[in-house]
Amino acid sequence: MFSSSGGLTLMTVVGMVAGQLPPALALVLQAFVAGGSLLNLLVFVFDPRDD
């Protein structure tokens with residue numbers, strides 16, 4: 001998950017530098033990916049199942 005998050009971050013930065021992606025959309029994408037990563041981490045840490 002964190003590897004794909006890093007890849008999306010890199011693609012977003014490259015798109016912003018190239019001028020093809022508006023900064024507001026880039027911020028929304030970053031917030032979405034960060035929220036998903038945080039939620040994934042919290043579910044992994046606080047998983048009630050005992051495997």
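User: How many Å² does the accessible surface of the chain come to, and what share belongs to carbon and sulfur atoms?
Analyst: This is a predicted model. Its chain has about 4,200 Å² of accessible surface. Carbon and sulfur atoms account for 74% of that.

User: How much of the chain counts as buried?
Analyst: The chain has 51 residues, and 14% of them count as buried. The cut-off is under 20% relative accessible area. In helix α2, the buried residues are A26, V33 and S37.

User: How many helices and strands are there?
Analyst: The chain has 2 helices and 0 strands.

User: What makes the span of α2 close to the expected one?
Analyst: Helix α2 covers residues 23–45, 23 in number. From first C-alpha to last, α2 reaches 33 Å.

User: Why is R49 called exposed?
Analyst: Its relative accessibility is 59%. Exposed means over 50%, so R49 qualifies.

User: Why does D47 count as partly exposed?
Analyst: D47 has 29% relative accessibility. That lies between the 20% and 50% cut-offs, so D47 is partly exposed.

User: What makes the contact of R49 and D47 a salt bridge?
Analyst: The N to O distance between their side chains is 3.1 Å. The limit is within 4 Å, so the pair qualifies. A search of the whole structure finds 1 salt bridge.

User: Which residues form the nonpolar patch on the surface?
Analyst: They are L38, L41, L42, F44, V45 and F46. Together they have about 660 Å² of accessible area. One of them, V45, is found in helix α2.

How values were computed: Residues numbered from 1 in each chain as written. Predicted model: local features only at pLDDT ≥ 70, side-chain atom pairs only at ≥ 80, totals over all residues. Heavy atoms only, no water. Helix = DSSP H or I, 4+ residues; strand = E, 2+ residues; numbered from the N terminus. Expected span 1.5 Å × (residues − 1). Buried < 20%, exposed > 50% of the residue type's maximum accessible area, 1.4 Å probe, protein only. Patch = residues over 30% accessible without salt bridge, like charges linked within 9 Å, V, L, I, M, F, W, Y side chains within 5 Å. Areas by Shrake-Rupley, 256 points an atom, 1.4 Å probe, with all protein chains shown as cover.
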